[in-house]
Amino acid sequence: MGLNRAVNLADVREAARRRLPRPVFDTIDGGADDERTMRRNEAAFEDLLISPRPFADVATRSTATTVLGRSVSTPVLLAPTGGARVAHRHAELAVAAAAATRDTVYVQSTVTSYALEDVASVADGRAWYQLYLPEHRAQTAAMIDRVAAAGYQALVLTVDTAVFGGRERDRRNGTALPVRIRPRLALEGAARPGWALDFIRGAVPGPWQQIRGLPVRATQEQILASPSPVTWADLRQVRALWHGPLVVKGVLGPESCGRMMDEGVDAVIVSNHGGRQLDGVPATIEALPAVVDAVAGRAEVLLDGGVRRGTDVLKALALGARAVLVGRPYLFGLAAGGQAGVEKVLDLLHLELDRAMALAGCATVEDIDRRLVTRARG
Ligand SMILES: Cc1cc2nc3c(=O)[nH]c(=O)nc-3n(C[C@H](O)[C@H](O)[C@H](O)COP(=O)(O)O)c2cc1C
């Protein structure tokens with residue numbers, strides 16, 4: 001299955017699986033421990049059924065919406081993913097460029113192989129920055145200043161990464177970040193020459209490393225940010241330092257929502273890190289309604305985890321999400337086809353959402369509300 005023939009996100013994943021050495025595929029595809037939460041993220045969408053509205057005038061439709069005051073062509077954003085460089089040598093630059101051409105938002109991870117200024121400039125004003133706090137909190141101010149100066153529109157504080165989750169596929173494969181060519185990978189890479197050539201070319205700066213004329217500057221400084229617990233004091237410090245919209249990523253229950261709003265948080269992302277951190281937590285689509293109720297309109301609520309279909313986007317919006325984000329799907333698109341692969345993933349989701357809206361009787365995203373979905377069981 002090549003990227004050109006891919007008709008859905010499962011096909012794109014398959015195209016990536018064929019191109020990537022197994023340890024690299026696994027480091028993207030895998031989750032924590034038994035991967036129960038990871039599987040549940042996708043499976044829980046199946047437990048929701050859509051009740052279409054007949055007689056709706058859906059001859060003209062729009063998937064456009066706004067997120068934190070910015071318009072986007074479709075309510076599908078690109079989640080922060082560290083280490084995209086293993087998928088494609090243009091990594092974050094290709095993803096940012098795809099977000100720009102498709103008029104959506106790319107959340108750039110702290111864990112990056114390109115300078116955050118270069119990524120922001122390629123994203124053309126459509127980037128948010130996901131922050132892992134530096135180990136020495138005294139450096140937080142300088143980091144946030146740099147993010148602001150680069151032109152990022154919003155700051156996303158990830159709060160579910162006190163330590164790394166137990167990634168057993170990586171341990172079994174002997175994969176450590178950042179990915180380097182070790183004997184096992186060299187062996188697997190030999191059977192995946194397309195990937196190996198791209199990976200090696202990416203390691204050597206050269207004239208081909210140009211996106212829109214931007215010379216690529218790989219920065220080692222941000223490649224490996226160690227995770228650390230985020231406290232209320234950290235949140236307060238970040239809020240005081242960052243003057244734009246502040247987003248908290250990694251919320252799964254209503255408990256902290258009121259306090260987060262009081263502290264000045266503008267949006268929360270219901271996320272379990274794609275099932276890569278604590279195994280055994282609920283699927284995000286299960287956790288969403290209680291968070292929406294607790295936030296009570298005081299902030300925007302977004303969701304990521306297991307979104308693989310336009311109908312999944314529809315269901316998340318029906319349960320109160322302003323927009324969703326995808327992680328693995330666009331990394332697979334990136335692996336299979338660089339910037340064009342990421343654009344393909346966004347196009348497929350847009351097409352599917354538009355079709356789902358038409359068939360469900362929704363002409364605009366405002367028409368998508370809770371009455372549209374019911375629970376299949378229980
Ligand atoms: C390879 C990979 C790297 C990730 N790196 C980060 C990261 O650096 N920061 C972060 O907040 N989330 C990170 N995530 C989590 C994503 O932002 C997102 O929550 C998750 O991928 C959504 O689930 P999905 O992959 O099922 O769409 C990563 C996910 C993957 C798959």
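This is a predicted model: local features need pLDDT of at least 70, side-chain atom pairs count only at pLDDT 80 or more; totals for chains, interfaces and linings use all residues.
In total, 4 aromatic pairs are counted in the model. A pair of aromatic rings is described by the distance of the centres and the angle of the planes. One of the pairs joins phenylalanine 25 and phenylalanine 332, whose ring centres are 5.4 Å apart and whose planes meet at 20 degrees, so this pair is stacked. Phenylalanine 25 and phenylalanine 332 are both buried. Another pair brings back the two tyrosines: the ring centres of tyrosine 129 and tyrosine 152 are separated by 5.3 Å and the planes stand at 70 degrees, so the arrangement is edge-to-face. Here too, distant parts of the chain are linked, with tyrosine 129 in strand S6 (residues 127-131) and tyrosine 152 in the loop between helix H6 (140-150) and strand S7 (155-158), 23 residues apart.

Aromatic rings also meet charged side chains. Arginine 85 has its charged end over the ring of phenylalanine 199, at 4.6 Å from the ring centre. In a second case, the charged end of arginine 259 is placed over the ring of tryptophan 232, 4.1 Å from its centre.

Attention now turns to contacts between charges. Side chains of opposite charge can pair when their charged atoms come close. The model has 28 salt bridges by count. Among them is the bridge between glutamate 14 and arginine 18, with an N to O distance of 3.4 Å. Both residues are found in helix H1 (residues 9-19), where glutamate 14 and arginine 18 are 4 residues apart, about one turn of the helix. Glutamate 14 is partly exposed, its relative accessible area being 21%.

A further salt bridge connects arginine 36 with aspartate 34, at 3.9 Å from N to O. Arginine 36 is exposed, with 55% relative accessible area, while aspartate 34 is partly exposed, with 45%. Arginine 322 and glutamate 300 also form a salt bridge, and their closest N and O atoms are 3.8 Å apart. Arginine 322 is in the loop between helix H13 (310-318) and strand S13 (323-326), and glutamate 300 is in strand S12 (residues 300-304), so the bridge ties together parts that are 22 residues apart in sequence. Of these two partners, arginine 322 counts as partly exposed at 32% relative accessibility, whereas glutamate 300 is buried at 18%. Salt bridges also join into a network, in which Arg13, Arg22, Asp26, Asp29, Glu35 and Arg169 are linked.

Finally, the cysteines can be considered. The count of disulfides in the model is 0. Cysteine 257 is buried, with a relative accessible area of 0%, and cysteine 362 is buried, with a relative accessible area of 0%.

Note on methods: Residues are numbered from 1 along each chain as its sequence is written. Side-chain values use heavy atoms; hydrogens and water are left out. Rings of Phe, Tyr and Trp (its six-membered ring) pair if their centres lie within 6.5 Å; planes under 30 degrees apart count as stacked, over 60 as edge-to-face and the rest as tilted. Buried means under 20% relative accessible area, exposed over 50%, partly exposed in between (1.4 Å probe, protein chains only). Helices (H or I, at least four residues) and strands (E, at least two) are DSSP runs, numbered from the N terminus. A charge sits over a ring if NZ of Lys or CZ of Arg is within 6 Å of the ring centre and within 35 degrees of the ring normal. A salt bridge is a side-chain nitrogen of Lys or Arg within 4 Å of a carboxyl oxygen of Asp or Glu. A disulfide is a pair of cysteine sulfur atoms within 2.5 Å.
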